[in-house]
Amino acid sequence: MNFERIREKLNILADAAKYDVSCASSGSDRANKNQGLGNASKMGICHSYTEDGRCISLLKILLTNHCIFDCAYCVTRKSNDVQRAAFKIQEVVDLTINFYRRNYIEGLFLSSGIFKNADYTMERLVAVAKKLREEENFNGYIHLKSIPGASDELMYEAGLYADRLSVNIEVPTISGLKLLAPDKKHEDFTKPMLKVKNEIVRYKAERKIIKSTPKYAPAGQSTQMIVGASGETDKDIMYSAVHYYKNYQMRRVYYSGYVPVADDMRLPAIGSQVPMLRENRLYQTDWLLRFYGFAINEILNKEHPYLDMDVDPKLSWALRNLHHFPVDVNSADKALLARIPGIGMRSVDKILKARRFRKLNWDHLKKIGVALNRAQYFMVCDSRHWERRDLDAEKIKGMILQTSTGKFRNQYSTQLSLFN
Amino acid sequence: MKPSKTLIYDGSFNGFLTAVFVAFDEKINVTDIQKNGQGQNGLFSETETIFTHVEKAKRVWNGIRNKSHNAIANVYFAFLSETEGVELMLYTYIQKLMATTLGKQMDYSDGIVLYIDQLAKKVGREKHRMEAFVRFQLTKDDIYFANIEPDFDVLPLISKHFRNRYADQQWLIYDVKRKYGIYYNLDHVEMVSLNLKEIHFNKIHKSDAFLSEEYDYQTLWNDYFKSTGIKSRINPKLHTQHVPKRYWKYLSEKKEAV
Ligand code: SF4
């Protein structure tokens with residue numbers, strides 16, 4: 001190993017890859033084969049955490065940061081004056097294996113700038129994965145980036161070796177894409193996605209008949225959207241997310257607050273604050289859609305194209321729909337319980353179990369873990385004390401804000417003070 | 001009524017289960033169950049020394065498991081917490097468990113049941129942490145070696161995970177606090193008791209037990225750790241919540257911060 005050379009490349013190519021927020025290693029249960037190396041853990045494992053508190057689970061690098069494109073939001077863009085580097089295929093294989101053997105990582109997340117053309121690049125990503133699986137007998141987690149515009153044949157092959165594949169949409173609207181990534185066409189993103197989705201469906205069906213059908217991308221596909229780069233609304237972002245969940249069976253959509261990397265009139269200036277609170281609200285909305293039975297138009301629509309920044313989206317929805325409340329926790333069905341602000345899905349399950357034995361009162365609910373400071377205005381339970389005043393939405397919101405300490409409260413108040 | 005007795009066992013889990021067996025079998029009124037050599041406190045009651053008997057232990061194990069899979073895991077995990085007095089609590093827990101009718105959940109409003117459950121959860125968390133935080137260093141004899149210093153005695157719990165994952169390399173995970181390790185010899189895992197004089201932290205000062213290449217990889221990993229963070233999002237509170245400081249000295253990426 002030429003240590004100094006590798007070190008330099010790693011620094012450049014890890015730095016360029018860090019803006020991809022996904023580091024998940026979950027969703028695959030690949031077993032260790034023939035006394036080989038590694039397996040995938042269904043739940044995923046975080047081996048460390050970055051100083052910004054994100055999970056480090058995979059070796060996340062670019063194969064190269066040479067790129068023929070010039071997407072405005074990307075550090076790797078052609079016109080950016082940065083140091084360039086490229087790994088050899090064997091170098092990535094060796095790094096992955098050596099990190100893995102030391103229990104630093106769950107596997108590899110390999111992405112790349114586009115050099116020469118899409119297929120040429122994709123071919124090399126696939127070659128790394130193939131080498132790991134076939135020559136090193138490696139059964140750990142592999143996440144490959146699908147290069148926009150890559151051919152169906154290559155995407156097919158990629159799924160045979162990778163656990164997860166992802167194409168980052170990055171810009172949620174087609175008009176934004178035209179503005180910020182003029183070299184890329186929307187179809188370049190969707191074509192590889194569609195191919196992978198179809199193969200996943202086909203393999204699943206075959207598996208039902210022939211048990212020994214090999215795995216094809218067992219952890220599915222994901223995508224990422226940048227938030228706050230192109231003036232898009234929350235509605236634009238979330239409608240687009242729903243579209244990808246539905247039509248491409250995405251496992252996950254990630255939302256990444258734009259970290260300014262360019263002095264470009266089209267984008268927020270370098271040094272502007274990363275919209276972390278907004279990012280957080282989008283994730284909360286994503287959860288409401290996937291696990292709480294909400295439909296997107298209930299939360300975001302023509303009248304409400306932006307999420308409320310001072311309260312979470314469920315509370316915001318409830319405040320707009322006070323006619324559904326109060327809900328009786330001792331009789332309401334599961335779907336309705338899930339809509340009470342301050343009650344998470346875990347609490348819903350506990351409530352359903354516990355109320356078989358006895359009627360629940362405030363004390364029980366507190367022990368179960370319900371956030372009463374929010375929930376109390378929206379429910380009744382086995383107690384004579386409940387909110388009887390006919391409060392309007394603004395009042396309730398005001399009272400809740402007084403008693404809450406959200407994790408972004410600080411950021412929120414500094415943002416507020418900017419406007420004072 | 002039978003006289004009260006304190007049972008003394010050898011400190012092993014099988015020893016403890018044997019003690020439970022004897023207590024049930026002889027209908028002993030148990031005042032305490034203690035490890036031997038642990039400053040016995042039998043002043044006010046008679047003591048009985050229990051000889052570990054695998055068959056008896058197995059019968060208790062199976063008895064608990066037949067009642068509930070969750071309970072047997074709870075008992076084992078809570079035992080490994082090494083909390084003072086946990087044996088007597090577990091004994092009471094097992095008594096309560098045996099008194100439940102089949103298929104019925106234990107009552108989680110009961111203090112002891114709740115306590116054992118929480119204790120087991122804590123040990124479970126430590127198990128997951130160790131699966132994540134073990135950092136192997138490759139020695140000159142081709143063994144991947146790691147030190148750990150877990151709050152609880154979790155080596156028996158993590159053995160299977162590492163066995164399944166690292167099936168083609170020799171490895172040794174050594175518990176610095178409890179002075180024993182688990183060693184995988186490419187065939188099976190065995191317990192080894194060692195008394196290492198020199199504790200090999202992932203320290204700035206290097207040991208000649210390792211290849212120089214080993215330190216190169218640590219440097220690469222530390223570099224990687226640094227370059228993957230995004231400075232404009234830095235959040236030290238969240239960071240230490242995920243990686244508590246007491247683990248830092250064994251993590252090469254954090255050694256400079258110690
Ligand atoms: S093609 Fe990819 S790597 Fe190249 S500039 Fe666009 S986003 Fe960046």
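Before I read off any strand partners, one definition: two strands pair if DSSP finds at least two bridges between them. I also remind myself that this is a predicted model.

**Entry: confidence**

I started with the scores. The predictor gives the complex an ipTM of 0.88 and a pTM of 0.88. Chain A averages a pLDDT of 89, and 96% of the residues score at least 70. I marked residues 408-420 of chain A, where the pLDDT is below 50. Beyond near neighbours in sequence, that stretch has eight contacts in the model. For chain B I noted an average pLDDT of 86, with 88% of the residues at 70 or above.

**Entry: the three-stranded sheet of chain B**

I counted secondary structure in chain B and got eight helices and eight strands. Three of the strands form an open sheet in the order E2-E1-E3, with parallel pairing. Which strands are at the edges? They are strand E2 (29-35) and strand E3 (46-49) of chain B, and each pairs on one side only. From one strand to the next, the twist averages 30°.

I then followed E1 (residues 4-9) of chain B to its partners. On one pairing, E1(B) runs parallel to E2(B), joined by six bridges; there, B:Ser4 has B:Asn29 of E2(B) as its bridge partner. On the other pairing, E1(B) and E3(B) are parallel over four bridges. B:Lys5 stands opposite B:Glu46 in E3(B).

Is E1(B) mostly covered or mostly open? I found it mostly covered, as five of its six residues are buried. Helix H1 (residues 13-25) of chain B lies across E1 and E2 of chain B, and runs at about 155° to E1(B).

**Entry: B:Val154**

Next I picked a loop residue in chain B. B:Val154 sits between strand E5 (143-148) and helix H6 (155-165) of chain B. Why does B:Val154 count as buried? The cut-off is 20 or more other C-beta atoms within 10 Å, and B:Val154 is buried because it has 24 of them within that distance. Leaving aside neighbours within four places in sequence, I listed its contacts as B:Leu80, B:Val123, B:Glu126, B:Lys127 and B:Met130. I also checked B:Asn66, which is 88 residues from B:Val154 in sequence and 24 Å away, C-alpha to C-alpha.

For chain B as a whole, buried residues make up 34% of its 258 residues. Of the contacts in chain B with a separation of 6 or more, 65% are between residues 24 or more positions apart.

**Entry: the six-stranded sheet of chain A**

I moved over to chain A and found an open sheet of six strands, ordered E3-E4-E5-E6-E7-E8, with parallel pairing. Its edge strands are E3 and strand E8 (252-257) of chain A. The twist averages 20° from one strand to the next. E3(A) pairs in parallel with strand E4 (residues 107-111) of chain A over five bridges, and A:Leu59 has A:Leu108 in E4(A) as its bridge partner.

**Entry: where the chains meet**

How many residues does each chain bring to the contact? I read 36 residues from chain A and 34 residues from chain B. On the chain A side, helix H1 (3-15), strand E1 (48-49), strand E3 (58-62) and helix H2 (89-101) each supply at least two residues. H1(A) gives the largest share, seven residues. By class, I noted 16 nonpolar, 12 polar and eight charged residues on that side.

A:Gly53 was worth a look here. A:Gly53 is found in the loop between E1 and strand E2 (55-56) of chain A. A:Gly53 is partly exposed, with 18 other C-beta atoms within 10 Å. Beyond its neighbours within four places in sequence, A:Gly53 is in contact with B:Asn235, B:Leu238, B:His239 and B:His242.

**Entry: the ligand**

Last, I looked around the ligand. Its surroundings are A:Cys67, A:Phe69, A:Cys71, A:Cys74, A:Thr76, A:Arg77, A:Gly113, A:Ile114 and A:Ala181. I sorted this shell into six nonpolar, two polar and one charged.

Note on methods:
Residues numbered from 1 in each chain as written. Chains lettered and ligands numbered in written order. Predicted model: local features only at pLDDT ≥ 70, side-chain atom pairs only at ≥ 80, totals over all residues. Contact = placed C-beta atoms within 7 Å. Nonpolar A, V, L, I, M, F, W, Y, C, P; charged D, E, K, R; others polar. Buried ≥ 20, exposed ≤ 12 C-beta atoms within 10 Å, placed from the backbone. pLDDT = per-residue confidence, 0-100. Axes fitted to C-alpha atoms, helices over the stretch in contact; angles between N-to-C directions. Near = placed C-beta within 6 Å.
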